[in-house]
Each structure stands twice: as C-alpha cells, then as structure tokens.
Amino acid sequence: MTMPRFLAAALLLLAAAFAAVDATPAAARVLRIGLADDPDMLDPTLARTYTGRIVFAAMCDKLVDITPELDIAPQLATEWQWVDGNKGLVLKLRQGVKFQDGEPLDAAAVKFSIERHLNMPGSNRKAEISAVTAVEIVDDHTVKLVLKAPFAPLLAALSDRAGMIVSPKAAQAPGDFANHPVCAGPYKFVERVAQDRIVLDRFADYWNKDLVKFDRIVFTPIPDSTVRLANLQSGGLDMIERLAATDVETVRKDSRLKLSTITGLGYQSLSINLNNGARAKNPFGQDPRVREALELSIDRTALNEVVFNGLFQPGNQWVGPSNPFYVKSRPIPARNVAKAKQLLAAAGAATPQVTLMTTTVPETLRAAQVIQAMAAEAGFDIKIQATESNAAIQASVDGQFELYLNYWSGRTDPDGNLYNFVSCKAPPALNVARYCNPTVDEELDAARTAEDATSRLAHYAKVADHILTDRPLIYLWHPTWLFAMSAKITGFEPYPDGLIRPQGMTMQ
Amino acid sequence: MTAFLLRRIALIVPTLFFVSVLIFGLQQLLPGDPALALAGENQDPAVIAYLHQKYHLDRPLPVRYALWIEGVLQGDLGESIRIKRPVFDLICEKLPVTGELALLALVVALVIGVPAGIIAAVKHNTAVDYGASMVALWGLSIPNFWLGILLILLFSVELGLLPASGFVGPGDSLKQNLLTLAMPAFVLGNAIAAVMMRHTRSAMLQVLSSDYVRTARAKGLGELRVILHHALRNALVPVVTLGALEFGQLLSGAVLTEQVFTIPGFGKLIVDAVFNRDYAVVQGVVLCTAMAYIALNLFADIAYVLINPRLRT
C-alpha cells in the first residue's frame with residue numbers, strides 16, 4: 001500500500017468511527033464527582049486517605065454519623081447507651097439492614113467488623129478504637145462494646161471508618177476485599193480503574209433507599225485544580241471537591257455553577273522543634289519568649305485575606321472558634337510587633353535566624369512567604385525550605401527541622417486534633433516537637449474519661465493554658481472545604497468533615 | 001542479518017541487569033521512609049512496623065534487591081502497597097493507554113514534521129523555509145503543560161468541543177476515545193514534529209545536493225518523483241531512528257501531559273508512585289519502560305537495514 005492510499009484509508013476509518021453511534025447508554029442518572037487525588041485501598045480497616053473517605057461516604061454506612069453541628073446521629077445504630085460507669089457502650093442496630101451482597105447486617109456482623117478493625121495486621125483503625133477490649137453480642141440486633149477505661153471520643157471514632165461495617169462473607173472470601181468491597185451503604189462497588197475512575201451503582205435494597213436518587217456515581221481523580229474546574233465548566237463533571245480558593249470568584253460568576261463551603265475540622269499550624277534532636281538547640285526551641293514573639297508578629301486575619309481571599313477561618317487552637325470545644329478564654333491574639341520586639345530583646349535574640357520547612361503546595365508556600373514577611377518586621381530572619389511532602393514527613397520525624405508549616409485534616413472529636421500531637425505517649429511521627437508535659441497528659445487523659453462535654457471542656461481549658469504558652473505548635477487557620485457543582489444539583493449539604501454524603505442529592 | 005540480530009539480542013541481557021540495579025539503587029536515594037508515607041495521617045507506630053516487616057523495608061538493600069529480582073524472574077513484579085493490586089496488572093492496564101497516546105502523538109508529529117521538513121528543504125532559504133523553522137522553534141520551546149492548559153481552556157471551557165480530560169477506552173467508544181486523546185496527542189506531537197521537521201530538513205538538504213539526485217534529475221524525472229521517491233527514502237533513515245527514540249520517550253515521558261489531561265497511563269502511574277513511595281510500582285514501570293526502549297532501538301536497527309540495503313551485510 002502506498003503512502004497516500006494508506007492515509008486515505010486511515011482517514012476513512014476515522015470518519016467511520018466518528019459517524020458511528022455513541023455506544024454510551026442514555027438517560028441513566030449519573031453523578032460525576034472530581035476528586036483531588038486517587039484514593040488508596042477501599043477497605044475501611046486499611047484505608048488512610050481523605051478522598052477514600054469521600055468514596056466510603058457513598059459506599060459504607062457507619063454505626064453512627066455526625067450532624068453538620070457535630071452532634072452524633074443514628075445511622076446503622078438507632079440508639080446507644082453508655083453503661084458500666086462508661087466502660088461499656090450498648091448499641092441497638094437498625095432492623096432489616098442488608099449488605100450489598102444480600103447478607104443481613106446483624107450483631108454478629110458488627111462484632112466481626114470491629115474485631116477486624118482491632119486485629120487485622122496493618123489496621124489503621126486499631127489506634128482509633130484501641131480502648132475497646134471486647135465486643136459482646138447481646139441479641140441479634142444489640143451489641144456491647146467493652147472498654148478498658150471510659151473513652152469519650154469513641155462515638156466520634158465510630159462515626160468514621162472505625163464504625164463502618166463490612167460484610168463478613170465478602171471479607172472472608174478469597175481474593176482481596178479492598179478490590180471488591182461490600183458494605184451496607186447507598187451505593188455498591190462496581191469497578192475501579194486506578195487513577196481513572198471508581199464506579200458505584202445504586203444499591204436497590206439500601207435501608208434508606210428513598211434518599212438515593214442517582215443510578216450511578218463515578219469518582220474521577222483529577223489532581224490539578226485548574227483542570228478539575230475546567231471539567232466542571234465544560235460539563236465533564238457535575239461536582240468537584242477542594243476547589244482552589246483563587247478560583248472561587250470564577251465559580252461565583254458562572255451562572256451554570258454554584259459553590260458550597262463549610263469550615264473544616266482541620267488546622268494548619270507551625271510545629272516547633274522543642275526537643276527533637278540537635279536542631280532544637282536554638283533560641284526558638286529553648287526560649288518560650290522567642291516563640292511568643294513569633295506568634296505576636298503574625299496577623300492571622302491578614303494572612304487569610306492575602307493567601308485565601310478571606311475564605312478560611314483564622315484560628316489559634318486545635319479546634320476552630322465556632323467549635324463547642326473551643327476555649328473561649330484564650331481568643332486569637334492580636335498582632336503586636338512592638339511587644340514581639342521587646343520579647344526578643346529580653347530573650348537576647350534580637351534577630352533570631354530560623355528555617356521554616358513547608359510542603360510544595362502553592363498556597364502553603366505563599367502562606368510561608370507572608371509569615372516570613374510579617375515576622376521580619378519583628379526582627380526574625382526566616383528562611384523558607386520547600387520540601388516534597390513525604391520528605392518533609394521524614395525530616396520532621398527525624399528532627400531535621402526548626403519550624404514546620406504543617407497540616408492536620410482534623411477529627412470530629414477534639415481529642416483527635418490534640419492528643420497525638422502533644423501527649424508524651426503520642427506517636428513520634430505526630431508529636432514532632434517532642435513536647436512532653438505530665439500535667440498536660442493528665443488533663444488529656446481526664447478529658448477522655450470525663451462524663452460530659454462541660455467537664456471535658458474544663459480539662460481542655462487547662463490544656464490550653466499550657467499548650468498556648470509552651471507553644472509546641474502555633475495554630476494559624478482552619479481550612480474551609482470548597483465544593484463547586486453544577487447549578488442543577490440540589491440536596492447537597494456540606495459537613496465539617498468535608499465528605500460528600502450522596503443521600504438526598506439529586507439533579508434537576 | 002541473523003548474526004547481527006543475535007549480537008543485538010545478546011546485548012540486551014547485561015543492559016537489563018544494569019538497568020534493574022540502577023532503578024533499585026536510585027529510588028533508595030529518595031528521601032522519606034515509604035512506611036511513613038503509607039501509614040497515612042495517623043502514623044500509628046504499629047502500622048509503620050507492620051509495613052516495614054511486610055514489604056521487607058527492614059532488610060538490607062542487597063537482600064531486598066535479591067527478593068525483587070527473584071520475583072521478577074518468576075514474572076511477579078510485586079504489589080502496589082497503596083492500592084493493593086499486582087504491579088503487572090497495573091502495567092497491563094496502563095500500557096495500552098500510553099501506547100495509543102504515543103502512537104497518535106507520533107502520527108501527529110509525522111504528519112506535521114516530515115512534510116514541513118521536506119518543503120523547508122526544497123524551498124531552502126526562502127520565506128517558506130524561515131517560516132517553517134520559526135514554527136518549529138515555537139513548537140520546541142513551548143512547555144507541554146502550558147500548551148495543554150491553554151488548549152483545555154479554549155476547546156473545552158470556551159468552545160465546549162472536546163472533553164477537558166480523562167480517557168475512554170477505544171472498546172467503549174472509539175469516538176470518545178479519539179476526542180479525549182486529540183488534545184494530548186497534539187500537545188505531545190507538536191514538540192516532536194518540530195524536531196522531526198528540523199531533522200528531515202537537514203537530511204533532505206544533504207541528500208538533495210548528492211550526485212544521484214542530480215543524476216535522477218538529469219534523467220528527466222519529475223521533481224516530485226525525485227524528491228519523494230529518490231531523496232526522501234535516504235533522508236528518512238535518521239528520521240526513523242528519531243521516531244523510534246521519541247516513541248520510547250513518549251512511553252515514559254508523557255508524564256506532564258498525562259498529568260495535565262489526567263490520562264491514566266504510564267506517566268501518571270509512575271509520578272503518583274514516586275510521590276507515594278510505592279516502590280514496587282516504580283520499579284516495575286521503569287523496568288518495563290527500559291525494556292520497551294531496548295526493543296524499540298532493536299526495531300530501529302532492523303528498520304535501517306530494511307530501508308538501506310547497503311547495511312544488509
């Protein structure tokens with residue numbers, strides 16, 4: 001075949017392909033969601049990514065859920081009661097719930113799942129519910145979790161992956177459960193093509209099926225926020241999560257799109273190396289006055305305006321100012337450069353030099369630059385060291401840092417935002433400052449075992465007195481979850497945990 | 001021909017061994033313990049210890065290399081720690097995607113580059129030549145990701161003609177498949193077309209001034225026949241080499257383009273694996289790319305022989 005003939009044949013073939021009728025079936029109600037990254041293993045026991053939790057929210061129901069106000073709400077369990085001096089939690093299970101493989105969800109299945117979370121090698125859930133020592137079946141639809149000591153954050157843990165119940169039959173079947181997960185949520189797993197899509201179909205026997213309006217949900221990971229938004233604008237997606245703060249105006253101006261926001265549970269903070277190797281041996285690590293001076297040099301509101309268009313929530317504690325566990329007696333300190341200079345003079349360090357490690361996320365880098373400029377006015381000489389995220393984690397664990405602009409995605413219970421970062425018993429990879437104060441530990445433990453929210457808050461107030469003075473971390477802001485979606489979507493309600501609950505969502 | 005082939009094939013074994021040592025050694029230089037990357041936010045010490053033990057991260061480097069090579073020789077490339085799927089499956093899933101993209105990009109490059117090169121050579125030192133060279137320079141210097149984003153904004157967001165990103169298998173819908181690949185194939189092909197144009201041009205210039213072309217013209221052959229039949233055939237030898245090398249590079253190097261257009265191919269697989277410290281995936285993909293590269297070079301050598309009979313000794 002000569003070249004021109006070959007080309008002609010190829011062109012004809014192409015034309016035929018375009019003329020062919022599109023093979024995609026029409027009229028199925030599909031919700032296409034763009035995620036900022038590809039989830040990891042779809043097994044609630046092993047999973048560890050935030051985007052994985054978005055997929056689970058459509059696939060795996062939990063024993064309890066949270067409300068947008070962070071109260072605990074029924075889901076698979078309809079009611080619960082603390083017994084035995086708060087060392088036992090009795091949960092009544094919903095009747096008639098089925099797993100997506102048709103198996104019944106009963107007390108035995110709950111026992112199986114909780115024990116799987118506790119015992120499976122590599123379980124990422126074990127630490128979250130390690131207070132549980134045994135799961136007792138009271139009757140077919142009642143279980144009792146037995147605790148070694150009272151543990152107030154348990155219900156919050158059960159409102160996330162630790163409370164997800166998987167089908168024992170599917171989990172015990174040969175083959176990898178993470179690639180064929182079976183739960184009791186509104187949508188069931190169909191297929192996954194790594195880095196391309198995760199497809200879920202409506203589960204016809206879902207216990208609350210009236211709220212399931214879409215036939216199919218397709219999750220597509222698109223890491224670049226510009227491209228994610230371009231897909232939404234061009235109609236390739238119906239909804240995206242983690243819209244860039246700089247793109248909010250674009251969405252607001254586009255009548256085909258709408259925006260939904262809510263302040264998240266996470267926080268961004270400056271972790272300070274107090275006692276983690278040789279790099280703690282500097283005025284920063286050793287003199288609390290220098291750390292206080294740094295905090296006083298930062299204007300959190302201006303920082304938020306400059307970097308995040310004022311969309312995020314400035315903060316100074318492990319929970320945001322609107323959280324019920326916020327210690328109101330310790331509000332956000334106002335910027336005070338004069339006092340910062342006095343403190344530095346008193347500490348004998350008029351121009352302390354320090355290296356600030358950040359990740360390479362553009363917004364974080366910009367925030368670091370703003371902090372650098374603000375602190376310079378008080379006399380600080382900050383060098384920014386942008387580090388790839390995993391290398392930054394390693395450096396922080398090894399003590400190869402002085403200041404580290406770090407992010408925590410947040411937990412429903414304040415304990416999850418606090419304990420592992422400041423307790424003497426915390427994992428070394430999280431308490432990178434190596435802060436250890438026995439008084440703080442006592443209060444943290446007391447807050448875990450306290451009976452009610454009021455007394456827990458009292459303990460956290462005492463913790464705040466130490467943490468906000470010793471400053472192993474300087475809390476800076478709480479990110480806002482930014483969702484953009486087609487204006488035709490209704491029924492979406494944002495939650496502080498940043499997940500997309502598809503129940504009730506529909507397309508006009 | 002047979003002896004030549006055997007010689008070339010015998011060289012592959014030591015090359016692959018060297019490549020495997022290099023891949024394994026180099027990625028150990030990446031800072032950051034993979035277990036820390038994989039333990040997630042919770043950083044539970046028990047999980048970190050379990051990951052160390054399960055993926056032999058606590059064993060000395062030579063032992064880990066031996067364990068890996070032992071598996072590879074048995075056809076087992078290991079398992080992605082992040083999503084718990086065999087690396088071999090992932091490669092089989094991604095290779096056709098990147099293969100198709102690379103092929104389309106090469107077609108774009110050939111269709112633009114070779115004719116442009118011929119015209120520039122024939123119209124040597126005229127406005128057409130300068131124009132073609134300028135366009136080629138533009139194609140070479142424009143960054144892929146930037147051109148990609150611009151095309152998305154124009155063709156998807158403004159005009160709504162093409163899907164902004166993603167990939168649809170040719171089996172699902174050939175039309176959608178070609179529509180999704182149109183922009184990335186153009187972006188990739190555009191840069192290669194520039195290189196191809198310049199190579200074709202210089203090779204054609206050399207050939208057009210040779211004695212046999214003058215002879216052909218003296219015989220009274222038509223200009224088109226002289227250029228396409230006599231000159232181009234010889235001028236194509238370096239272009240074929242280039243094509244093979246560029247194709248190899250496309251298989252491994254479409255990284256940025258695949259990221260921008262979110263195409264679930266090789267480039268995206270390897271970048272994500274590096275960021276997630278998913279060692280088994282990095283090793284498997286790089287080994288596979290190296291093998292493809294070696295094979296393509298071999299094919300290029302064979303193609304020389306076919307195009308130029310004087311090499312058939």
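Reply: Two strands count as paired if DSSP finds at least two bridges between them. Strands of a sheet pair through backbone hydrogen bonds, and they do so either in parallel or antiparallel fashion. Keep in mind that the model is predicted.

The part to look at is a sheet in chain A. Which strands form it, and in what order? Six strands make an open sheet in chain A, and the order is β14-β18-β13-β17-β15-β16. The pairing in this sheet is mixed. At the edges stand β14 (313-314) and β16 of chain A; each has a single partner strand, so one side of each is left without a neighbour in the sheet.

Strand β15 (residues 353-358) of chain A runs parallel to strand β16 (residues 381-386) of chain A, and six bridges join the two. Within this pair, Thr355(A) stands opposite Lys383(A) in β16(A).

On to the next pair. β15(A) also pairs with strand β17 (residues 403-408) of chain A, again in the parallel sense. Two bridges hold this pairing. One point to find in the model is Leu356(A), which stands opposite Leu403(A) in β17(A).

Strand β13 (residues 267-272) of chain A pairs with β17(A) in the antiparallel sense, over six bridges. Here Ser269(A) stands opposite Asn406(A) in β17(A). Taken together, β17(A) has a parallel pairing with β15(A) and an antiparallel pairing with β13(A), in keeping with the mixed pairing of the sheet.

Now to the cysteines. A disulfide is a covalent bond between the sulfur atoms of two cysteines. How many disulfides are there? A search of the whole structure, over all chains, finds two.

One of them joins Cys60(A) and Cys183(A), with the sulfur atoms 2.0 Å apart. The torsion about their S-S bond is about 55 degrees, so this disulfide is right-handed. Cys60(A) lies in the loop between α2 (50-59) and β2 (64-66) of chain A, while Cys183(A) lies in the loop between α5 (168-172) and β8 (187-193) of chain A; the pair therefore ties together parts that are 123 residues apart in sequence.

The torsion about the S-S bond of Cys424(A) and Cys436(A) is about 100 degrees, so the bond is right-handed. Cys424(A) and Cys436(A) both lie in the loop between α14 (414-422) and α15 (438-449) of chain A, so the pair ties together parts that are twelve residues apart in sequence. Cys424(A) counts as partly exposed, at 32% relative accessibility. Cys436(A) is also partly exposed, with a relative accessible area of 48%.

If the bonded cysteines of chain A are counted along the chain, the disulfides follow the pattern 1-2, 3-4.

Chain B supplies a contrast case. Cys288(B) is in no disulfide, as the sulfur of Cys92(B), the nearest cysteine sulfur, is 8.0 Å away. The limit for a disulfide is sulfur atoms within 2.5 Å. Cys92(B) counts as partly exposed, at 41% relative accessibility.

For the setting of that last pair, chain B has 13 helices and zero strands. Of the 313 residues of chain B, 50% count as buried. The C-alpha trace of chain B spans about 85 × 60 × 35 Å along its principal axes.

Key
Residues numbered from 1 in each chain as written. Chains lettered and ligands numbered in written order. Predicted model: local features only at pLDDT ≥ 70, side-chain atom pairs only at ≥ 80, totals over all residues. Heavy atoms only, no water. Helix = DSSP H or I, 4+ residues; strand = E, 2+ residues; numbered from the N terminus. Buried < 20%, exposed > 50% of the residue type's maximum accessible area, 1.4 Å probe, protein only.
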